[in-house]
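Trainee: I would like a close look at one part of this model, with the terms spelled out as you go.

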Amino acid sequence: MSNFMKVEFAAKSENESFARTTVAAFIAQLDPTVEELTEIKTVVSEAVTNAIIHGYEENEEGTVLIECELKDHNISLTIRDFGNGIEDVDEAIQPMYTSKPELERSGMGFTIMENFMDHFEIESIPNHGTTVTLRKKFLNNQSAYN
Amino acid sequence: MALSLTYDFEQKQDVLLVRLTGELDHHEAEQLKNDWQSFLQNGMTKHVVVNLENLYFMDSSGLGVFLGRYKEVKEIGGEMVICSINYDVQRLFELSGLFKIIDTAENEAVALARLGVAL
């Protein structure tokens with residue numbers, strides 16, 4: 001079983017819930033558990049929020065691109081922006097680190113992505129944008145598509 | 001979107017009770033923060049109880065809002081108790097270490113009693 005979807009939308013905070021709900025609807029065909037669904041919704045929300053706040057500094061003219069690929073019980077997600085990029089990725093992924101403490105950011109976004117997914121990768125080029133790649137194997141309902 | 005965030009504030013003696021319903025993300029966080037801050041500055045509030053019984057979704061933006069209000073409550077010499085935390089939100093609290101900082105209770109009655117509100 002394999003499937004694919006791609007969605008691009010304006011970098012508006014209203015679209016954070018649109019993004020996580022859309023991805024959740026797409027992966028529903030893998031029959032995930034409630035916990036797996038919550039994990040996916042959370043990491044999508046984190047990555048899209050990063051794109052909006054850090055990638056575009058809330059300039060709503062930017063766009064965010066999400067691609068999602070399903071293969072058997074594996075989900076692969078990329079969340080891409082074409083904004084500022086990250087100068088120092090190692091620093092950015094430290095727990096509690098935030099470049100915007102004045103905005104009450106907890107600095108936990110990347111830590112959550114790392115913990116909720118099996119694989120986590122950031123590719124970032126300053127002034128060109130950031131791509132976050134996330135992968136996870138759904139453990140439950142193994143027999144559903146045999 | 002269909003499921004956004006709604007919330008209400010209730011004053012119980014010197015305790016501000018905040019009940020959140022729906023989904024708390026970055027989009028909802030700013031308005032919540034502003035409304036919450038205006039209640040904290042009403043002169044009647046010393047402590048805060050946050051009831052998350054009907055909060056179905058939260059991401060790290062919510063952690064930021066709670067941590068921000070926790071600091072403000074501490075500044076006025078008060079305590080903050082978060083109650084009725086569901087499993088998903090609990091995982092975020094554990095990951096972030098928020099449990100080590102902020103007091104939690106199983107339900108609203110227990111939280112209010114801990115802060116001296118006679119029911």
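Trainee: What percentage of the 146 residues of chain A count as buried?

Mentor: This is a predicted model, in which local features need pLDDT of at least 70, side-chain atom pairs count only at pLDDT 80 or more, and totals for chains, interfaces and linings use all residues. Residues are numbered from 1 along each chain as its sequence is written, while chains are lettered from A and ligands numbered from 1 in the order in which they are written.

Of the 146 residues of chain A, 41% count as buried; a residue is buried if 20 or more other C-beta atoms, placed from the backbone, lie within 10 Å of its own, exposed if 12 or fewer, and partly exposed in between. Chain A has four helices and five strands, where helices (H or I, at least four residues) and strands (E, at least two) are DSSP runs numbered from the N terminus. Their order from the N terminus is β-α-α-β-β-α-α-β-β. The radius of gyration of chain A is 15 Å, close to the 15 Å that the globule rule gives for 146 residues, so chain A is as compact as a globular protein of that length. That radius is taken over C-alpha atoms, and the rule is 2.2 Å times the number of residues to the power 0.38. Along the principal axes, the C-alpha atoms of chain A fill a box of roughly 50 × 30 × 25 Å. Among contacts in chain A between residues at least 6 apart in sequence, 66% join residues at least 24 apart; two residues are in contact if their C-beta atoms, placed from the backbone, lie within 7 Å.

The axes of helix 2 (residues 34–55) of chain A and helix 4 (residues 109–116) of chain A come within 9 Å and cross at roughly 150 degrees. That angle makes helix 2 of chain A roughly antiparallel to helix 4 of chain A. Axes here are lines fitted to C-alpha atoms, for helices over the stretch in contact, with angles from 0 to 180 degrees between N-to-C directions; those under 35 degrees count as roughly parallel, over 145 as roughly antiparallel, 65 to 115 as roughly perpendicular and the rest as oblique. Helix 2 of chain A contributes A:Glu39, A:Thr42, A:Val43, A:Glu46, A:Ala47, A:Thr49 and A:Asn50 to the contact, and helix 4 of chain A contributes A:Gly109, A:Ile112, A:Met113 and A:Phe116. By class, this contact has five nonpolar, four polar and two charged residues. Ala, Val, Leu, Ile, Met, Phe, Trp, Tyr, Cys and Pro count as nonpolar, Asp, Glu, Lys and Arg as charged, and the others, Gly among them, as polar.

Chain A also touches chain B, in a contact that takes 20 residues from chain A and 19 residues from chain B. On the chain B side, the elements giving two or more residues are helix 1 (26–40), helix 2 (60–75) and helix 3 (87–96) of chain B. Helix 2 of chain B supplies the largest share of that side, seven residues. The side of chain B that touches chain A divides into seven nonpolar, seven polar and five charged residues.

As for chain B itself, it has five helices and five strands, in the order β-β-α-β-α-β-α-α-β-α from the N terminus. Of its 119 residues, 43% count as buried. The C-alpha trace of chain B spans about 35 × 25 × 25 Å along its principal axes.
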